[in-house]
Amino acid sequence: MRTAHPFRPPPPDRDEPLLDVAGIEVRYGGIRALTSVSLHVRRGEVVALIGANGAGKTTTLRSLVRVVPWSAGRATFNGVDLSPLSTEEVTELGISLVPEGRAIFPNLTVRENLEIGAYLHRNKQAMQESLEDVVKLFPRLGERLAQEGGTLSGGEQQMLAIGRAVMARPSLLLLDEPSLGIAPKLARQIFEAIRAIAASGVTVLVVEQNTRLALEVAARGYVLRTGEVAKEGASKALLDDPEVREAYLGGH
Amino acid sequence: MSWLLNALAQGSMIALIALGYTMVYGVLRLINFAHSEVLMMSGYVAFLVDDRLLGGYQHGGTRGVLISTAVAVVAAVLLGVGIEAFAYRPLRARARGATARIAPLVTAIGVSMLLQSVAQLAFTATPQKFDPRLAPPVGYVVLIAAVVMAGLYALVHLTWIGKAMRAVSVNAEAARLMGIRPSRVIAVTFAIGSGLAAIGAVLYSTTQASIEPTMGSSIGTLAFVAAVFGGIGSIPGAMLGGVLLGFLGELVKFTSFSGMKDAIVFLLLVLVLLFRPAGLLGSARARRSSRRAWRGRARTFAPSTGGIRRACAGS
Amino acid sequence: MKRVPAWVLVLVGCAVCVGLDYAYSATVAADRGMKFWLMIAVACAINVLSATALNVVNGMAGQFSIGHAGFVGLGAYLGGAVAAYVAVAMKIPLAALHDNLSFVQSLIIVPCVVVPVAVVCAAVGFVVGLPSLRLRGDYLAIVTLGFSEILRLTVLGTVEDTAKNPITKAIAALGGSLGYRGPKLDGDFVGIPSVAGPFWTVGIAAFAVFLALRLKRSGFGRALRAVREDEIAASAVGVDPARYKVTAFVLAAAGAGIAGALLAIKRDGPGIVSPANMRFDKSFEVITMVILGGSGSVSGAAIGAVLYTAVFYLSEEALNQAARAGVGFLANVDAAALRMALFALTLVIVMLVRPEGLFGERELFEKKRVAR
């Protein structure tokens, strides 16, 4: 089921997945949020995770960066078992999460927000280069470097959150609902940027409610339903799937 | 003119100590009641080193005070970081639910009481005094405090650890996603706050107050009020609050209520809290943080509300 | 009817209290050992009352008050003053006033003290509780601390010879740091009459515990718990958080006030009301009792109070005896500080090992609730 990637050269020769998640279960108190989620992401791939509200998409991402612990199952990144690690250690491995609701630092300036993104490297010159890359990616941020993060619009804040994550130079970028609460035009811009980030060699796993937008950018997708993977496949196949169309694409 | 300088000196000493409260509150949302005891203990360390080891004014002179201040700063840093590691850190790991809000506060009060009683056991309740000739001129007090605070400002705004501190104080989870280790940041915060308290303690005890086990609760409480005054969690707020309290204290001296200076300070504190709950400089941020707390809670319950929503949609 | 056993219990309790009271007055002169135990019983009862009251705010309503000693102190000053004036009005001779008063006299004086103290403290509690509508958590705690410190520092701040205007003069009449010793009669301080024996202290404390238990199990208690867990959710189901929070403060203040009054007028009491009653460590003591027992648990708070008080007095006695027996180093140790250090250490350890206290929110003979 490896389909030709529409926007990228064929994946590198190493075949083993960068991220391999096997049967993860997450509980909040007595409630099971994820019953068993298994998925994998190969190097250089863009993979979408779609599903309805409460299906467990956000929980999946948050458990991957160890913000919520999983009670069963296993996940490896680059062959490293993630279960004994803390959030910071996972981040140090090269996984960056752009959290839902963006979680930028509102009373820090845009520049400071981005600088903190590069905290892992703490090197003036490398940081300067990353900063230039981000500004190239999101020219709007470049115009607002001295502004406080909290004064940005929703779409700009999302750009800032993505930019901040890119500053860490991750090999895997996790995005949680990047289009949430953002004007359609800006959402499209943001997905263009995600495409560009992926083109620069970063592997991307994106959670979206805007199924069409996500599947347009991703090569493959997983459909999550009540804490389980209900369907998986190439984006094209999913877009054509009558059930998916019915449930997530509405009458469009 | 000398009146102005006095008020400023008073205020800057209060501010030095208030910074410790405000910084810890910033990163942990915890009122570190034990901070006042760090202040008291470092006062004792400075006094004992200067008086017993360096021979006080006769032999040590100003140099002796400087050395003992350095020792006191080190001791305060160790004590502050130690308190954090042994009393607060284990609690953060395990307390949850309704106890998660109150347990740290109770522990902080407990540690404060513990240290105060230990000091009483070790040093007795008899007040100790620095030789009055060791007191730095009022102008120096202001200068020292100003330099230290400028240094702190630079540290917080220009260094990596300072940025990490600010990030953790705004949103610890997001900071962890950047690879920042909150436990390290918290330890550094305690270290800096305690060090500042030690400097404040030496300035205080050389210029006016005697060193006794309860000095923490009197001076520390004043500093704490200053921190709340300016908006607890806000560094410039603590500086402003300290200076304001300094002026207030000097002003009350002119009225017939001079004996009630501290009562008036508390009355003002209550009024400030009632009409501007987040203090003078902390308003927007505190409001945001409380909003975030609500959002965080909503997220914790997300799976269940999702279920409810689905159920509603289904019916 | 289910209520009957409870009332029977109350009656039996009253009988026991009266018995204790007579035992107390009868043995006062005769048996030092017996007196010691009864003294502890009185102290325990007063602390049980105080802790039960604090538990309503801190445990049941989840509002963190650290100014409880302010109410206790207010009750002590007010109760002491009322008792002294009533005693003077009863024309009890000065010499008799300095000794314990009789049980019959207590039947007149104590109700005269308890009722106004409860009313005034409840009113003050209402005022102090109002900020709870605007403030949460730490900020509210600061306000309660501010309240008790304002009271204490105001009393401390003025002494007679420096008092210049009517306000400061009135405050100076409270005696400043020397403490309040009642009005002057023939140029001599009347002192606070020592009148409330086990009948009153144990009786009132038992009644308070009983009341608190009923309260917890009533709709009011459930509403308080709802407010504690989630104010927004509580108001969404029709519980008005404002009303319940303020009511909790009022109840706690009234209870603390009565405890303070009893502290001032208890048998073999100090005959003086000291501003030290309002110090922060007194609030801390009560918090320790409540937390030790498990905040939210009525029997937990009561047992915490008894444990704390008993250990407090027994350790003091033990230290005294050890010092008398010539255990050398103990003679030079500050016993109060040592005890405080041990209590504080215990509290910190309890917080680290069992943050919910001995009982959690459960009651003494209640089964553990199934985890949600």
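Q: When is a residue buried, and when is it exposed?
A: A residue is buried if 20 or more other C-beta atoms lie within 10 Å of its own, exposed if 12 or fewer do, and partly exposed in between, with C-beta atoms placed from the backbone.

Q: How much of chain C is buried, then?
A: Buried residues make up 52% of the 372 residues in chain C. This is a predicted model, in which local features need pLDDT of at least 70 and side-chain atom pairs count only at pLDDT 80 or more, while totals for chains, interfaces and linings use all residues. Residues are numbered from 1 along each chain as its sequence is written, and chains are lettered from A and ligands numbered from 1 in the order in which they are written.

Q: What is the mean pLDDT of chain C?
A: The mean is 83, and 90% of the residues of chain C reach 70 or more; pLDDT is the predictor's confidence in each residue, from 0 to 100. For the complex, the predictor gives an ipTM of 0.85 and a pTM of 0.83.

Q: How many residues of chain B are in contact with chain C?
A: There are 38 residues of chain B in contact with 44 residues of chain C, where contact means that the C-beta atoms of two residues, placed from the backbone, lie within 7 Å.

Q: And which helix of chain B gives the most to that side?
A: H5(B) does, with 17 residues; helices (H or I, at least four residues) and strands (E, at least two) are DSSP runs, numbered from the N terminus. The residues on this side of chain B divide into 27 nonpolar, nine polar and two charged, counting Ala, Val, Leu, Ile, Met, Phe, Trp, Tyr, Cys and Pro as nonpolar, Asp, Glu, Lys and Arg as charged, and the others, Gly among them, as polar.

Q: Switching to Ala15(B), what is it in contact with?
A: Leaving aside neighbours within four places in sequence, the contacts of Ala15(B) include Ala145(B), Met149(B) and Ala226(B).

Q: And how many helices and strands does chain A have?
A: Chain A has 10 helices and 10 strands, and buried residues make up 48% of its 252 residues.
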